[in-house]
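These are my notebook entries on a structure that is new to me. I record what I looked up, in the order in which I looked.

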Amino acid sequence: QVQQNVERLFTRFVEEGKATVRLREPAVDLCLSKANVINLKTFLSAVRLAHQGNDTGVLPLSPLVPAKNSDVEKPKTKMIITSRRDYPLTKSFPFSLEHLQTSYCKLARIDSRVLCLKKLRKLDLSHNHIKQLPATLGDLVCLQELDLHDNHLEAFSGALCSSGLQKSLQVLDLSQNQIQALPLEFCQLRALVRLRLDDNALLRLPCRIGQLSRLRVLSAARNKLPFLPCDFRKLSLENLDLFGNPFEQPNPLVPNIQLKIPSSLLECAARATVNHRIPYGCHLLPSHLCKDLEVAKTCRCGSACLSSFIQITVTMNLHHVAHTVVLVDNMGGTDAPVLCYFCSLDCYSQFLDRHLQSS
């Protein structure tokens, strides 16, 4: 239906064979390009007359000829921009894009137009000057690959980890940034298969990293990691690279004792909740206790401990969690220190006896 249904005609580039017809219902833009200029002008005249209610019999229309496949422009699914000069400042990004790369464009933030591309599966924003990620990035629910390496990021927000990216994001590259720590919520990105964290300033890895059960490739070389979290033992990787971290020398004989005797009521309640697998949530328990339970430590005996524990570092050969391991240091080693917790002096004493006997 054309009569009284044309909101506006855009004819600025008609001499280049381009024009746009904006309809009211449905609210769409009909974009014409690569058209014969004379035929395009005739068509636009006919549209104007039809909009005004003129008899279709007197409209200057030529007989319709079926379009060839070569004449129909397919929706664009991939766009690669590798210089500031080529970055579109006045044109919109095609909504059909599934793969977008905008590298070396000196971007200080993510373009809001990019955040509207709901079909994006791969987004490459590497080699820019991005300092912060908007929470709306998590609205790209189809996003499977996100490349942010070589930017100025100082954090990866917990809001993104709790967004739709939980189910979609499989590949994440945060290398060559300025990140010191990842949020606890990071381990909610359960679909991750490949994770790159090289050349940051990481002081620790998420304590629940073992929840990333699908993770197969992990690279965190050249950071500031003194040790690995206890949960690291649960990973099952194909490739692991931790080269160039200042790992501490493990010493099981020098424990960090944080035991509180007698145990507080909070500690007893937390241990009972975890040990007996009692369902909990903010609607049942105070929110601060729920957060503490999410980071509860696990003793070698299987019991949980919250803020009352003994902590040591022990040696773990990284081949226990990865098939291929890049050497940890220049000495050819594949061992790294990992945290170990005990819920009581009794558990620590039993471990110490076995350790001394094996030594």
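Entry one: ring cluster. I began with the aromatic side chains of this predicted model. I found that ring pairs link Phe342, Tyr348 and Phe351 into a cluster. For Phe342 and Phe351 I noted ring centres 5.2 Å apart and planes at 40°; the pair is therefore tilted, since planes under 30 degrees apart would count as stacked and those over 60 as edge-to-face. I also looked up accessibility, and both Phe342 and Phe351 are buried.

Entry two: other ring pairs. I recorded 5 aromatic pairs in the structure. One of them joins Phe156 and Phe186, with 5.8 Å from centre to centre and 75° between the planes, an edge-to-face arrangement. I located Phe156 in the loop between β7 (145–147) and α2 (158–161), and Phe186 in the loop between β8 (171–173) and β9; the pair therefore ties together parts that lie 30 residues apart in sequence. I noted Phe156 and Phe186 as buried.

I then traced an open sheet of 9 strands, paired in parallel, in the order β4-β5-β6-β7-β8-β9-β10-β11-β16. Which strands stand at the edges? I found β4 (78–81) and β16 (322–326) there; each has a single partner strand, so one side of each is left without a neighbour in the sheet. On average, neighbouring strands of this sheet are turned by 5° against each other, with direction ignored.

I looked at β9 (residues 194–196) and β10 (residues 217–219), which run parallel and are joined by 3 bridges. Within this pairing I saw that Arg194 stands opposite Val217 in β10.

Definitions and conventions
Residues numbered from 1 in each chain as written. Predicted model: local features only at pLDDT ≥ 70, side-chain atom pairs only at ≥ 80, totals over all residues. Heavy atoms only, no water. Pairing = 2+ DSSP bridges. Helix = DSSP H or I, 4+ residues; strand = E, 2+ residues; numbered from the N terminus. Axes fitted to C-alpha atoms, helices over the stretch in contact; angles between N-to-C directions. Phe/Tyr/Trp six-rings, centres within 6.5 Å; stacked < 30°, edge-to-face > 60°. Buried < 20%, exposed > 50% of the residue type's maximum accessible area, 1.4 Å probe, protein only.
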